[in-house]
Amino acid sequence: MAETKLVHSPLLTYASMLTLLSFTPPFVILMWYTNVHADGSILKTFNYLRENGLQGLINIWPKPTAIAGKLIICYALFEAALQLLLPGKRVEGPISPTGHRPVYKANGMQAYAVTLITYISLWWFGIFNPAIVYDHLGEIFSTLIFGSLIFCFFLYIKGHVAPSSTDSGSSGNIIVDFYWGMELYPRIGKHFDIKVFTNCRFGMMSWAVLAVTYCIKQHEEYGRVSDSMLVNTILMLVYVTKFFWWEAGYWNTMDIAHDRAGFYICWGCLVWVPSIYTSPGMYLVKQPVHLGLQLALYILVAGLLCIYINYDCDRQRQEFRRTNGKCTVWGKTPSKIVATYTTTSGEKKTSLLLTSGWWGLARHFHYVPEILAAFFWSVPALFNHFIPYFYVVFLMILLFDRAKRDDDRCKAKYGKYWKLYCEKVPYRIIPGIY
Ligand code: NDP
């Protein structure tokens with residue numbers, strides 16, 4: 001069995017785990033409350049909490065309700081059915097540390113198209129009004145918070161009693177096992193991949209579904225959709241479309257190939273993605289801003305460019321690995337390092353590290369356009385309030401931490417070859433600066 005290794009010092013690890021476990025659920029509720037009931041003003045929410053204390057938080061915390069439960073279950077079952085039933089190419093994931101290679105059905109783009117077409121058709125033909133989702137958003141988040149915690153307990157128990165593959169193991173500490181997870185590739189039966197469901201088909205899909213919901217709600221509320229909302233929605237939808245277009249590539253990334261199924265990844269994708277990632281749109285529903293055509297277009301084009309560069313970074317790395325380095329990068333033969341490493345089962349393997357193109361600028365340059373894209377779909381809110389920018393700030397912290405975690409992991413995996421890569425490409429994220 002593989003063991004979970006801690007990346008940071010034990011003190012920092014435990015402190016950050018306990019902080020996130022206890023503060024993220026109320027934060028989700030406060031984010032919703034501030035955007036929907038406090039005019040997007042953190043100060044208003046803060047003053048309310050200062051006057052009413054913990055009881056104030058309990059008062060605004062919506063109870064999970066039957067309607068919220070029904071909406072979540074219908075959505076989850078619909079997405080699970082699409083994941084299982086829609087056709088798709090057979091795709092192999094990367095070899096795991098224990099030498100296991102997961103196999104997937106790549107039908108994400110089809111599921112994405114079916115979901116959005118179904119959702120918009122239900123609204124268009126008057127069968128279901130998405131504004132209902134916005135009206136019950138607090139209850140939905142509350143139900144998701146508790147439901148997903150139960151789901152993570154299920155993952156913890158499954159990891160102990162019925163792991164799906166050899167890529168599973170315990171750190172010997174219950175909090176670490178619950179927080180970081182035990183299984184890398186948990187499945188129900190042979191085909192239903194739980195992380196594909198939580199991360200992609202529930203989490204990322206909910207981002208697009210809620211972006212559309214916010215637009216429709218604003219239209220219902222004001223009789224029109226503001227240009228700020230349009231720019232925000234278009235950019236978020238292009239980003240999520242890019243994600244599903246490239247979903248099989250996502251199965252090679254840290255989230256899937258290295259982070260196990262626990263609170264951090266699964267609760268994050270089931271609750272944090274729908275509530276926090278969509279928050280700039282949630283803010284705009286009741287605080288519409290008029291940008292004017294020119295400014296709206298500038299922001300839109302800048303955002304599209306960043307999403308494209310981020311996509312191209314991922315594409316370049318994947319194409320390079322897929323063709324075993326026999327491709328061109330920015331019109332030239334790529335420069336590379338041939339790195340060998342040993343799996344936990346003692347097998348010797350070889351990997352290629354790209355040292356030109358985007359990957360020659362900095363070791364995680366792709367995070368720069370990712371952060372900038374998030375800035376561009378938040379900035380249509382202009383600068384009346386801080387809350388629409390919370391996601392960008394959070395993303396910066398997440399990605400700077402992720403870059404460190406990834407560097408440490410790669411250093412342990414590739415040893416002297418990683419050192420060589422760091423000498424060739426000395427900057428971690430921002431060329432010339434960091
Ligand atoms: P990736 O997993 O795509 O890239 C890192 C991995 O690539 C490393 O672990 C290593 O894996 C391999 N690698 C590292 N350097 C090289 C190189 N020079 N050449 C070839 N392979 C290399 O990174 P992420 O998962 O962090 O990001 C994937 C995408 O997801 C990005 O677009 C990112 O912006 C986005 N993202 C978005 C987040 C959000 O919340 N919005 C959060 C995280 C990511 P190996 O062991 O195979 O060598």
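# Reading a predicted fold, span by span

Student: What does UniProt list for "transmembrane region"?

Tutor: The unreviewed UniProt entry lists residues 12–33, 111–134, 140–157, 229–246, 261–279, 291–311 and 374–400 under that name. Such annotations may be inferred rather than shown by experiment, and the coordinates can be read alongside them. Take residues 261–279: this span is 84% helix and 0% strand, and its end C-alpha atoms are 25 Å apart.

Student: Let's step back to the whole chain. How many helices and strands does the protein chain have?

Tutor: There are 18 helices and 6 strands in the protein chain. With a radius of gyration of 22 Å, close to the 22 Å from the globule rule for 434 residues, the chain is therefore as compact as a globular protein of that length. Along the principal axes, its C-alpha atoms fill a box of roughly 60 × 55 × 45 Å.

Student: And what share of the residues counts as buried?

Tutor: The cut-off to apply is a relative accessible area under 20% for buried, and over 50% for exposed. By that reading, 55% of the 434 residues are buried. The accessible surface comes to about 19700 Å², with 68% of it belonging to carbon and sulfur atoms.

Student: Which contacts account for 76% of those with a separation of 6 or more?

Tutor: Those are contacts between residues 24 or more positions apart. As for charge, the mean positions of the 39 positive and 27 negative charges are 8 Å apart.

Student: Now some single residues. Is M229 buried or exposed?

Tutor: M229 has a relative accessible area of 0%, so it counts as buried. This residue lies in helix 9, residues 227–245. Leaving aside residues up to four places away in sequence, M229 touches Y214, C215, Q218, G281, L284 and V285.

Student: Where does G360 lie, and which residues does G360 touch?

Tutor: G360 belongs to helix 15, residues 358–361. Beyond residues up to four places away in sequence, G360 touches T355 and V425. P426 is 66 residues from G360 in sequence, yet their C-alpha atoms are 9.2 Å apart in space. With a relative accessible area of 29%, G360 is partly exposed.

Student: I also look at backbone angles. What is phi of N324?

Tutor: Phi of N324 is near 60°, a positive value in a residue other than glycine. N324 sits in the loop between helix 14 (293–322) and strand 5 (336–342). Its relative accessible area is 47%, so N324 is partly exposed.

Student: What about phi of L382, and where is L382 found?

Tutor: L382, again a residue other than glycine, has a positive phi near 55°. The loop that holds L382 runs between helix 16 (367–378) and helix 17 (390–414). L382 is partly exposed, with a relative accessible area of 27%. In the unreviewed UniProt entry, 374–400 is one of the spans listed as "transmembrane region".

Methods:
Residues numbered from 1 in each chain as written. Predicted model: local features only at pLDDT ≥ 70, side-chain atom pairs only at ≥ 80, totals over all residues. Heavy atoms only, no water. Helix = DSSP H or I, 4+ residues; strand = E, 2+ residues; numbered from the N terminus. Rg over C-alpha atoms; globule rule 2.2 N^0.38 Å. Buried < 20%, exposed > 50% of the residue type's maximum accessible area, 1.4 Å probe, protein only. Contact = heavy atoms within 4.5 Å. Areas by Shrake-Rupley, 256 points an atom, 1.4 Å probe, with all protein chains shown as cover. Lys, Arg positive; Asp, Glu negative; His and termini not counted. Charge placed at Lys NZ, Arg CZ, Asp CG, Glu CD.
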